[in-house]
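Subject: Structure handover

Hello,

I am passing on the structure below, followed by notes on what was found in it. Please read the notes with the structure open.

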Amino acid sequence: MTLPAPSLPVSLLANPRLSSWVRFTGDSRVAISPGKVEIGQGIVTALAQIAADELDVEIGRIEMIRASTAASPNEGVTSGSLSIQQSGRALRHACAEVRQRFLVAASERLGVDASLLDVDDGVISGPGNVRTSYWELAGDVSLDHDATAGVTAKTAATRAVAGHSVQRVDIPDKVFARPRFIHDYALPGLLHGRVLRPNVSGARLIALDEAMARALPVFVAIARDGGFAGVVADSEMAAEAALKTLRKGATWSEGEPLPDEDDLAGFLKSQPVETTVIDTRTAASTTKAARTLRRQYTRPYIAHASIAPSCAMARWEGDRVQVWTHSQGVYLLRADLAIVLRLPAENIVVEHMEGAGCYGHNAADDVALDAVLLAKAAGGRPVRVQWSRHDEMSHAPFGAAMAIEIAADLDADNEIVGWRHAIWSNGHAARPGRAAQPALLAATEIANPYPRMISTNPPAANGGGGDRNSVPLYDFPAWTIISHRLLTMPVRTSALRTLGAQGNVFAIESLLDEIAVLRNEDPVAFRLRHLRDERAKDVIRAAAQRAQWKPEKRTGIGYGVGFARYKNTGAYCAAIAEIEGSDDIRVRRLTLAVDVGEAINPDGVINQIEGGAIQATSWVLKERVRFDRTRIASTSWTDYPILTFSEVPAVDVEIIQRPESEPVGAGEAAHGPIAAAIANAVHDCLGVRVRDLPITRDKIIAAMELAS
Amino acid sequence: MPTIQFQLNGAAMAVDADPDQTLLEVLRGRLGVTGPHFGCGAGECGACHVMIGDRAMASCDMPMWSVAGKDVVTIEGLGTAEQPHPLQRAFISEQAMQCGYCVAGILISAAALLKRNPSPTEAEVRTALDRNLCRCGSHNRMVRAVLRAASEMAAT
């Protein structure tokens with residue numbers, strides 16, 4: 001038997017130069033430069049832990065460099081819960097190889113066999129009290145080499161930092177208000193920009209009377225490029241006043257009609273679509289179907305609704321532009337900017353700075369192009385552009401609405417013998433940098449506009465989009481999974497946390513619950529009986545045990561379970577919801593068990609799962625983008641309420657540690673299972689199934705009326 | 001423009017400002033005090049909270065004329081890395097955030113609560129923070145941190 005040739009981690013294969021990942025700096029510090037970015041998920045800390053472990057240096061010596069197209073490895077986009085898998089593996093390998101190269105150099109200098117050398121906080125020592133350090137040797141050891149396969153990283157048992165709950169490196173700055181967010185960073189000579197956007201959906205600026213705005217005393221400049229217009233001023237207040245005045249001089253086209261927000265399924269199922277068969281399984285022989293249960297589930301458009309409005313800065317120098325952004329992908333954004341500006345990519349430097357949590361593709365990239373266009377009118381001074389809350393809630397892309405139909409064929413014993421799952425949804429990704437046309441909002445507004453990019457779905461190999469988590473992990477004998485992607489897009493959609501997984505898991509797990517109830521079988525036992533994967537069964541058993549499943553029936557209290565393995569390849573997560581309800585419901589407690597393989601920072605994993613569970617509860621109980629036939633109507637927190645402190649349930653998380661297994665991300669594991677667990681708890685409590693999210697008082701009352 | 005006098009984090013301030021300009025604009029734009037954050041501009045999210053007396057208030061829709069003579073505390077006035085407020089210490093201990101953009105306002109709401117009520121129940125902490133939105137779902141960690149700070153302050 002021949003062993004497969006050892007291969008490099010994917011990010012290292014794409015960026016093999018060791019010095020692009022690791023550098024020893026003069027002040028006895030280590031600069032670690034990942035291509036992934038901090039979006040509040042704690043990735044920078046987890047990556048520092050991995051580097052500290054492999055290099056054997058104190059984590060305090062590590063300086064994490066923000067991603068920039070000027071120097072960082074190109075790791076695409078920080079999304080899909082892949083940062084630990086991609087950047088973590090690359091850094092682990094790169095640091096292990098760097099350590100080995102230094103040990104070879106130390107061996108030569110000290111005259112001691114490399115295998116006898118030890119590294120302690122960067123100091124390399126050996127028998128006879130000989131010693132040197134990474135920093136002493138840094139002049140002799142070039143890291144301008146490509147990584148080689150075959151270097152072995154430490155075993156799980158010998159890691160000292162990874163696997164422990166190290167405190168996050170960014171939190172002290174945030175607690176002591178040291179500027180860290182792009183919104184707070186003051187470049188010398190900074191000007192402020194605001195962009196004029198329509199209230200009517202799809203309307204285009206066709207005429208603009210600039211006279212009133214130009215007459216303002218504090219005015220600096222108006223930038224105009226076709227239907228794109230904005231103002232630049234020397235303070236935010238002046239910019240806002242100028243924008244308000246400019247708006248009075250604007251004439252807009254009619255816009256494009258929006259669907260009926262109360263008939264999303266009707267809309268989604270009546271549009272032209274591209275149909276893809278995602279998966280089929282044919283049974284050799286199955287018992288005959290005695291009946292078929294057909295159910296339809298929907299979820300609405302959901303807003304990213306970042307707590308900070310999107311923000312960017314840009315500064316031109318001749319035909320070169322520097323951009324500061326909280327985009328999830330600096331290289332991808334640069335590619336789109338290059339298309340719009342008709343400039344070579346090397347004329348553009350895009351550097352990451354932290355923004356608020358984005359939960360997917362929000363307006364971060366859009367506002368970067370806005371800043372670049374407005375900065376053209378700023379005479380070489382930097383311009384910071386910040387969107388309004390109104391624009392953040394109406395012009396940023398939304399998570400796509402979905403209609404999901406499942407038909408389950410049941411035999412005479414109500415066992416599942418066939419399963420047909422069909423999805424109607426816009427695509428779940430229209431990120432920049434991946435197509436010949438730009439995905440940025442202002443690109444559709446300028447004088448020679450690009451068409452609005454219709455969202456597509458990532459391929460199944462990358463977890464799919466609308467179809468994400470649509471293939472059951474359960475061993476049903478036969479199934480057909482079909483995805484219908486809309487070819488029209490009146491409501492702009494792109495990647496929102498979990499893409500289609502939240503909708504699909506909600507649908508699958510709701511129907512499973514219904515079938516278990518039909519069979520008078522415990523829903524936990526029913527799931528365990530249909531799973532072959534022991535790690536899947538372990539999280540379900542752990543959550544059930546922790547929640548003391550299933551507590552005695554009490555009036556007004558309900559319990560529900562939900563399970564998924566994110567993308568069917570990532571983190572395993574089981575959730576149990578305890579709710580209290582009559583015609584309105586309150587989620588009291590969520591109990592989750594999760595398996596992310598090796599948990600690099602266990603508290604970081606718990607934080608992500610807790611946060612995901614709470615955000616998922618907010619989606620399920622409250623969230624729905626509102627619109628009439630002409631405009632997005634949910635443009636404030638009053639019109640788009642999210643879960644408040646008093647409404648947040650207790651959340652209890654258990655991690656099943658598997659230090660020997662590859663680490664995977666935790667950020668998106670909870671959303672699907674939580675949606676299903678809450679819906680199933682509603683049935684347990686009230687005896688009705690709500691199949692259209694969000695589960696509001698009105699929906700519960702409607703379901704009760706339908707049942708009676 | 002009239003000169004408006006007020007106390008900011010214990011220091012006397014005199015700012016020439018349009019009386020209708022908001023306190024948040026003056027803090028961030030004029031004084032370089034960037035702890036309070038802009039979130040909505042409508043007093044709905046709490047990211048811009050400042051403390052006046054023992055009350056947390058939105059500064060994004062607070063006109064400067066109403067600030068005259070007031071004692072204003074922002075997150076910068078709570079404590080420093082060398083001399084942290086117990087709440088700041090507790091937020092680090094509990095790792096009570098994800099992105100942290102809302103945290104400056106939440107620390108202020110919590111500090112105002114502890115001034116009014118040094119030993120709040122969990123329910124009282126949640127009620128006091130209801131005007132602050134957190135999108136990342138770090139609520140329970142923040143509540144734990146506030147309770148930890150309260151018990152630490154009671155012990156000293």
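In chain B, 14 residues of domain 1 are in contact with 15 residues of domain 2; two residues are in contact if their C-beta atoms, placed from the backbone, lie within 7 Å. On the domain 1 side of chain B, strand 3 (49-52) and strand 4 (55-58) are the elements that give two or more residues. Strand 3 of chain B gives the most, with three residues. Helices (H or I, at least four residues) and strands (E, at least two) are DSSP runs, numbered from the N terminus. By class, that side of domain 1 of chain B has eight nonpolar, four polar and two charged residues. Here Ala, Val, Leu, Ile, Met, Phe, Trp, Tyr, Cys and Pro count as nonpolar, Asp, Glu, Lys and Arg as charged, and the others, Gly among them, as polar. Domain 1 of chain B covers 3-77 and domain 2 covers 86-155, with bounds from an automatic or database domain assignment. Their centres, taken over C-alpha atoms, are 21 Å apart.

This is a predicted model, in which local features need pLDDT of at least 70 and side-chain atom pairs count only at pLDDT 80 or more, while totals for chains, interfaces and linings use all residues. Residues are numbered from 1 along each chain as its sequence is written, and chains are lettered from A and ligands numbered from 1 in the order in which they are written.

Chain B as a whole has five helices and five strands, in the order β-β-α-β-β-β-α-α-α-α from the N terminus on. Its radius of gyration is 15 Å, close to the 15 Å that the globule rule gives for 156 residues, so chain B is as compact as a globular protein of that length. That radius is taken over C-alpha atoms, and the rule is 2.2 Å times the number of residues to the power 0.38. Of the 156 residues of chain B, 58% count as buried. A residue is buried if 20 or more other C-beta atoms lie within 10 Å of its own, exposed if 12 or fewer, and partly exposed in between, with C-beta atoms placed from the backbone. One buried residue is B:Q95, with 22 other C-beta atoms within 10 Å; B:Q95 lies in the loop between helix 2 and helix 3 of chain B and has a positive phi near 50°.

Between the chains, 43 residues of chain B are in contact with 44 residues of chain A. The chain B side divides into 19 nonpolar, 18 polar and six charged residues.

In chain A, 14 residues of domain 1 (10-162) are in contact with 14 residues of domain 2. The centres of these two domains of chain A are 38 Å apart, taken over C-alpha atoms.

Helix 14 (residues 534-546) of chain A has 13 residues, which should span 18 Å at 1.5 Å a residue, and its end C-alpha atoms are 18 Å apart, which agrees. The expected span is 1.5 Å times one less than the number of residues. Buried residues of helix 14 of chain A include A:A536, A:V539 and A:I540. Among the elements covering them are helix 13 (523-529) and strand 23 (557-565) of chain A. After helix 14 of chain A comes A:Q548, with a positive phi near 55°. The peptide bond from A:W549 to A:K550 is cis, with omega near -5°, and A:K550 lies in the loop between helix 14 and strand 23 of chain A.

Regards
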